Amino acid sequence: NLFEEAARLIKQSRKTIVLTGAGISTESGIPDFRSPGRGLWEKLDPMEVLSTGVLYNFPEEFYKVGFKILSSMRNAEPNEAHYILSEMEKEGIIFGVITQNIDNLHQKAGSKNVFEVHGNTREGSCLHCGKKVSFEVLEEKVNKKQIPPRCDECGGLLRPDVVLFGDPMPYVFDLAVKEVKSSDLLIVIGSSLAVSPVNFLPDIVRHLIIINATETPYDYKADVVIREKASYALRNIW
Ligand code: OAD
Ligand code: ZN
């Protein structure tokens with residue numbers, strides 16, 4: 001069956017790396033961006049709301065809408081899929097996890113080698129002087145209705161250190177690309193593979209497993225496609 005086939009590929013692989021997207025965290029209660037029936041994102045376009053265009057031109061709007069969504073992810077807990085990946089890393093079965101998620105759940109589950117290619121919700125920074133602040137500082141200011149929050153040092157606009165549409169990719173993405181190039185197998189879990197440049201990673205690796213609830217544009221390239229929930233699929237492969 002498909003699970004056995006996936007397990008066999010993983011066993012045969014010298015180096016395996018995982019790419020995760022929002023779909024691995026839906027079972028932790030965080031809505032993804034592109035599943036049908038996803039409430040909020042049916043009406044809002046992440047390319048607009050979570051963009052530098054809105055942050056720079058309409059900072060109040062950014063903090064009233066986009067920031068609320070980022071902030072709400074921080075209370076979630078990892079699910080079985082995150083824990084199995086952490087265990088697989090500990091046992092040397094996978095090298096690490098490249099994630100498009102900013103919810104910190106891989107780290108919460110114990111994964112060590114995590115490439116956060118879309119940033120994180122642990123920190124923010126000043127757009128003017130570059131001073132780093134913790135995400136809590138942003139939240140405190142927003143809660144005190146200091147919207148948009150400003151830098152204590154220079155009064156510049158503060159931003160969360162997540163990658164917004166319009167931002168360049170962070171350096172850690174280059175590191176992730178290197179790791180994929182030196183891997184035999186990439187396992188994609190819970191990503192629609194709709195967003196560039198992350199979605200070219202399946203093109204630069206020899207073997208590919210896709211675990212996703214719905215179709216992706218790379219299914220035709222994959223050695224194995226498992227159209228199931230992430231936790232169920234990983235439990236069976238494990
Ligand atoms: P998407 O919402 O585009 O895709 C999530 C995929 O996960 C969908 O294809 C779902 O069918 C699938 N899915 C949902 N629940 C699942 C489950 N329990 N098990 C398996 N699959 C499941 O999310 P991403 O591909 O991560 O970027 O989106 C990429 C980027 O677009 C995000 O990082 C974010 C967004 O705009 C930025 O904000 C820069
Ligand atoms: Zn500043």
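This briefing covers the ligand site, the salt bridges and some backbone features of the structure above. The model is a predicted one, in which local features need pLDDT of at least 70 and side-chain atom pairs count only at pLDDT 80 or more, while totals for chains, interfaces and linings use all residues. Residues are numbered from 1 along each chain as its sequence is written, chains are lettered from A and ligands numbered from 1 in the order in which they are written, and side-chain values use heavy atoms, with hydrogens and water left out.

- Ligand 1 has 24 residues around it, of which F33, R34, S191, S192 and T214 come nearest; a residue counts as near if one of its heavy atoms lies within 4 Å.
- This shell is made up of eight nonpolar, eleven polar and five charged residues, where Asp, Glu, Lys and Arg count as charged, Ala, Val, Leu, Ile, Met, Phe, Trp, Tyr, Cys and Pro as nonpolar, and the others, Gly among them, as polar.
- Backbone N or O atoms approach oxygen atoms of the ligand at A22, with a distance of 2.8 Å, and at Q100, with a distance of 3.2 Å, whereas at A213 such a backbone atom lies 3.0 Å from a nitrogen atom of ligand 1.
- Taken alone, ligand 1 exposes 790 Å², and the protein buries 96% of that, with accessible areas coming from the Shrake-Rupley method with a 1.4 Å probe.

**Salt bridges**

- The structure holds 15 salt bridges, each defined as a side-chain nitrogen of Lys or Arg within 4 Å of a carboxyl oxygen of Asp or Glu.
- One salt bridge pairs K132 with D161, whose closest N and O atoms are 2.8 Å apart.
- Because K132 lies in strand β5 (residues 132–134) and D161 in strand β6 (residues 158–162), this pair ties together parts that are 29 residues apart in sequence; strands (E, at least two residues) and helices (H or I, at least four) are DSSP runs, numbered from the N terminus.

**Backbone features in loops**

- I147 and P148 are joined by a cis peptide bond with omega of about -5°, and P148 is placed in the loop between α9 (135–143) and β6.
- Another cis peptide bond, with omega of about 0°, joins S196 and P197, the latter lying in the loop between β7 (185–189) and β8 (207–211).
- L193, which is found in the loop between β7 and β8, has a positive phi near 50° although this residue is not a glycine.
- N104, also not a glycine, has a positive phi of about 70° and is found in the loop between β2 (96–99) and α8 (105–108).

Key: Polar contact = N/O pair within 3.5 Å; in protein donor to acceptor, adjacent residues only side chain to side chain.
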